[in-house]
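Subject: Structure for you to look at

Hello,

Here is the structure I said I would pass on. Please open it and read the notes below alongside it.

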Amino acid sequence: MADEPTASPSLSTKKPTAKEFAKARRGPILGAIFLMATSAIGPGFITQTATFTFQMGAAFAFAILVSIVIDFAVQMNIWRIITVAGKRAGQLANEAVPGFGYLLGVLIVIGGLAFNIGNIAGGGLGLNAMLGIDAKLGGLLTGLLAICIFLWKRAGRIVDIVVMILGVGMIVLTLIVAILANPPVGDALRQTVLPDNINFATITTIVGGTVGGYITYAGAHRYLDSGLTGPDHVKAVSGASMNGIFVTGIMRYVLFLAILGVAASGFLLDSADPNLNPAGAAFQHVLGDAGLRIFGVIFWAAALSSVIGAAYTSATFLSVFSKKLDDGWPLRIATVIFIAVSLVLYLAWGAAPASILVFVGGFNGLILPIGLTIFMYIGCFRQRDLLRGYKYPVWLLVFGTLATALTWYMGAVSVVPIFEFITGA
């Protein structure tokens with residue numbers, strides 16, 4: 001970001017024009033959209049999509065569709081409620097139901113810790129694909145680098161730019177694989193709405209990996225920095241959230257088609273490989289070793305960015321317990337400790353990195369409906385006080401309430417399979 005021009009004393013109090021005001025707000029708004037999009041299609045989602053596509057084939061298309069629908073219901077409601085109220089999720093939850101903000105903070109921190117263990121695991125898989133080193137060592141290097149980057153504030157901007165560029169690279173690479181792999185598009189489209197089988201555990205996992213835990217609130221919290229809060233800015237909020245949902249929805253389906261083409265060709269994963277990277281194996285099958293190396297670079301960068309983003313967003317929820325953690329060095333120290341604890345737990349965990357990435361999505365899918373319930377309660381019953389008298393759209397309340405009920409049901413029927421997956425039962 002360029003330095004602000006120096007103004008003369010006579011011009012220092014000049015009121016900014018509408019164009020200048022919009023330009024100043026553009027960064028936080030784009031940052032909110034980008035944060036939401038990159039969080040939703042990070043290493044966890046990529047690995048979960050590859051794993052389940054190899055297991056279920058074209059039937060997994062239905063899970064992709066359901067995840068996009070739930071994503072829409074969750075993000076449209078959460079973004080609107082937080083930005084209309086102009087308050088962070090923890091504070092808002094506490095005002096709605098005394099003490100619930102503390103519960104939400106604990107859940108997000110636990111879920112974020114699980115996510116970050118998975119993100120570090122993803123960094124290990126990325127370095128393994130890129131350089132061939134052991135995934136555990138790769139995870140260690142990723143975690144240590146994330147701590148160094150966070151302590152050096154200026155490095156964060158560089159990482160953001162690099163990840164944005166590589167994010168575009170991931171989209172292009174995935175499109176190439178999707179075309180070359182020649183997936184059965186007709187069967188995939190049919191099973192998007194009429195699947196041969198439905199597995200609620202996979203849907204819960206993919207939903208948790210795209211909109212669970214800290215991801216639910218990351219974009220909305222970032223949007224608060226734009227200053228465009230309150231009922232008067234609902235249209236801008238809706239537009240920003242819709243753009244993020246649109247981008248991630250397309251990317252999810254294209255990635256699914258790319259992996260489906262490889263799976264449909266008869267290619268089998270080596271489940272005995274402790275460094276197995278299902279998505280990397282698919283890209284290697286289509287593009288060879290060069291494709292695997294390029295995929296490794298992009299996957300590792302996404303994982304590194306996710307480690308920092310997940311740790312920071314999760315740490316911000318600690319401010320509900322102490323205002324000292326709201327900003328500045330206390331928050332930075334808490335974030336570094338968060339990353340360090342995630343790294344230690346990853347190194348101590350004996351599960352394969354790919355299995356960790358799948359499990360953390362399922363875990364966060366299980367806790368998603370708890371936070372969603374309190375925000376639907378705010379939208380339904382606390383419009384006058386917490387939402388500044390804003391008249392909430394009935395259709396959005398109905399859509400959000402149905403999505404909340406669905407996530408509760410899916411969580412109830414999925415909790416045993418999700419924990420059986422990680423324990424190998």
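A nonpolar patch on the surface is formed by L151, W329, I333, I337, V341 and L345, which together have about 560 Å² of accessible area. Patch residues have over 30% relative accessible area and no salt bridge; like charges are joined within 9 Å, and nonpolar side chains (Val, Leu, Ile, Met, Phe, Trp, Tyr) within 5 Å. A salt bridge is a side-chain nitrogen of Lys or Arg within 4 Å of a carboxyl oxygen of Asp or Glu. Areas are from the Shrake-Rupley method with a 1.4 Å probe, and for residues only the protein chains shown count as cover.

This is a predicted model: local features need pLDDT of at least 70, side-chain atom pairs count only at pLDDT 80 or more, and totals for chains, interfaces and linings use all residues. Residues are numbered from 1 along each chain as its sequence is written, and side-chain values use heavy atoms, with hydrogens and water left out.

Helix α13 (residues 328–348) gives the most to the patch, with five residues. Helices are DSSP runs (H or I, at least four residues), numbered from the N terminus. I333 lies in helix α13 and is partly exposed, because its relative accessible area is 47% (buried is under 20%, exposed over 50%, partly exposed in between; 1.4 Å probe, protein chains only).

Q55 is in helix α2 (residues 43–56). With a relative accessible area of 53%, Q55 counts as exposed. Q55 and A263 are 208 residues apart in sequence and 8.8 Å apart in space, C-alpha to C-alpha.

Regards

Note on methods:
Helix = DSSP H or I, 4+ residues; strand = E, 2+ residues; numbered from the N terminus.
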